[in-house]
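Here is a short note for a colleague who is opening this structure for the first time. Please keep the sequence and the 3D view at hand while reading.

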Amino acid sequence: MEFVSIDTWTIIFTWINLIILMFVMKKLLFKPVMKMLAERENEVGSMYEKAESAQQNAEKLEGEYTQKLSEAKEEAARIMKDATDAANKKGEQIVFEAQQKASASILKAQKEIEREKLNAVSEIKKDIASIAVSVAEKVIEKDINEKDYERLVEEFIESSGEEK
Amino acid sequence: MNAPIPAPQVSGPQIFFTIPILGGIHITETIVNGWLVVAIISLVCFFLGRNLSTRNPSRRQIAVEKLVSMLSNLLQETMGKNNMFFLPYIGALFAYSMLSSLLGLTGLRAPTGDLNTTIGFALIAFFLIQFFNIKNKGFFGWLKGFSEPVFFLTPLNIISEIANPISMAFRHFGNIASGIVITSLIYYALASVSRLLIGWIPVIGSIPILQVGIPAFLSIYFDVFTSFLQAYIISMLTMVYVGGANEAQSE
């Protein structure tokens with residue numbers, strides 16, 4: 001054929017070739033690649049979504065834990081305070097009770113002492129009386145009247161009471 | 001004395017045989033080599049488009065992805081999102097043009113070195129442009145478009161409309177065909193030079209030693225570079241013209 005010539009059939013065959021090639025490339029190359037790229041995009045998108053939701057979840061949990069932790073700290077502080085207060089109260093009560101007991105026993109002891117003292121005084125009185133009687137007997141012998149005798153006894157008791 | 005070097009003969013595609021129907025269908029080198037190109041591209045696509053995975057892509061897959069996304073980005077930039085369905089055609093056009101031209105490297109006749117092939121490319125673009133213009137403007141709107149902006153420019157508008165596909169076809173054809181012509185001229189010239197240099201040596205002198213190697217370097221420009229460039233130009237022009245005829249409708 002001539003170097004530059006026009007042949008309708010060659011043009012038509014070129015078109016047929018191009019159309020065949022178009023479908024072949026679409027089927028074998030563009031469709032699978034585009035599909036794969038779209039799939040990858042979806043995958044990446046869903047991964048991002050997952051990561052974001054995971055992060056949100058983590059942040060939420062962190063917030064919750066922080067709150068719980070602070071609550072627990074508060075609770076602990078409150079319990080400590082309560083316990084301290086209770087212990088203090090109890091201690092005070094114990095001290096108070098002890099003081100009461102002590103004062104009661106002191107009172108009791110004082111009463112005892114008083115009674116003992118009274119006993120002792122009455123005993124001494126008896127003793128003194130008997131001594132006085134014997135003294136009086138001796139004094140009577142030396143002629144001492146009744147009046148003198150009574151006065152002497154009173155004086156004696158008083159002086160011995162003061163002595164005590 | 002050596003026999004004279006045969007002058008370079010540059011002929012059109014050879015006719016292998018003729019199917020005697022419809023006034024004789026010539027099965028030329030162009031058609032046969034075109035089938036070869038289609039077969040090669042189909043095979044390559046078959047191997048490239050297999051076993052794609054969304055994770056851990058192989059090197060082959062990375063290259064394929066890059067190629068496809070480059071082409072689709074280019075298409076989106078030049079034609080807009082509404083014309084993405086042209087992707088397979090533009091891909092086919094680019095691959096067919098480039099591989100046809102590169103076929104010249106193997107010694108076979110490049111199908112794009114035949115004017116009919118490039119006219120085929122250009123006519124498709126031409127028909128697409130007219131189709132989309134009629135579709136978008138209506139038949140009378142399309143006719144009216146030729147008399148714009150002023151009535152007396154109508155002949156010029158028609159000429160420029162027809163000149164587009166012709167210039168596309170001849171540009172592509174001329175680049176590849178000139179490569180064929182220049183290559184045969186270079187072989188002729190190298191044969192003459194090597195005869196001058198070593199022609200006096202009895203046996204070795206008859207071997208055109210300079211023809212080894214040197215044409216390879218030149219063919220890097222005339223075949224490889226031009227093949228890529230012309231495939232790019234024809235795809236780009238098709239995209240720009242057709243995209244211009246089918247622009248996104250403003251809402």
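1. **Ground rules.** This is a predicted model, in which local features need pLDDT of at least 70, side-chain atom pairs count only at pLDDT 80 or more, and totals for chains, interfaces and linings use all residues. Residues are numbered from 1 along each chain as its sequence is written, chains are lettered from A and ligands numbered from 1 in the order in which they are written, and side-chain values use heavy atoms, with hydrogens and water left out.

2. **Confidence.** The predictor gives the complex an ipTM of 0.81 and a pTM of 0.69. For chain B, the mean pLDDT is 81; pLDDT is the predictor's confidence in each residue, from 0 to 100. In that chain, 89% of the residues reach 70 or more. Which elements of chain B have the lowest and the highest mean pLDDT? Strand β1 (residues 15–19) has the lowest, at 72. Helix α3 (residues 87–102) has the highest, at 88.

3. **Make-up of chain B.** Chain B has 7 helices and 2 strands. Helices (H or I, at least four residues) and strands (E, at least two) are DSSP runs, numbered from the N terminus. The order from the N terminus is β-β-α-α-α-α-α-α-α.

4. **Packing of chain B.** Chain B has 251 residues, and 40% of them count as buried. Buried means under 20% relative accessible area, exposed over 50%, and partly exposed in between (1.4 Å probe, protein chains only). Take contacts in chain B with a separation of 6 or more: 64% of them join residues 24 or more positions apart. A contact means heavy atoms within 4.5 Å. One pair to look at is B:Val240 and B:Thr78. They are 162 residues apart along the chain, yet their C-alpha atoms are separated by 6.0 Å. B:Val240 sits in helix α7 (residues 214–245) of chain B. This valine, B:Val240, is partly exposed because its relative accessibility is 41%.

5. **The interface.** The size of an interface is often given as the accessible area lost when the parts come together. Between chain A and chain B, the buried area is about 3900 Å². This is the accessible area (1.4 Å probe) that two parts lose on being put together, summed over both. Carbon and sulfur atoms give 77% of the area buried here.

6. **A salt bridge between the chains.** Side chains of opposite charge can pair when their charged atoms come close. The rule finds 1 salt bridge across the interface of chain A and chain B. A salt bridge is a side-chain nitrogen of Lys or Arg within 4 Å of a carboxyl oxygen of Asp or Glu. The partners are B:Glu65 and A:Arg40, at 2.9 Å from N to O. Over all chains, the whole structure has 6 salt bridges.

7. A:Arg78 and A:Asp82 pair at 3.6 Å, N to O. Both lie in helix α1 (residues 8–141) of chain A, 4 residues apart, which is about one turn of the helix. A:Arg78 is partly exposed, at 45% relative accessibility. A:Asp82 is also partly exposed, at 41%. A:Asp85 and A:Lys81 pair at 3.8 Å, N to O. They are separated by about one helical turn, because they are 4 residues apart in helix α1 of chain A. Is A:Lys81 buried or exposed? A:Lys81 counts as exposed, at 54% relative accessibility. A:Asp85 is partly exposed, with 38%.

8. A:Glu155 and A:Arg151 form a salt bridge at 3.1 Å, N to O. They are 4 residues apart in helix α2 (residues 146–163) of chain A, so about one helical turn separates them. A:Glu155 is partly exposed, at 44% relative accessibility. A:Arg151 is partly exposed, with a relative accessible area of 44%. Elsewhere, salt bridges that share partners join A:Glu75, A:Arg78 and A:Asp82 into one network.
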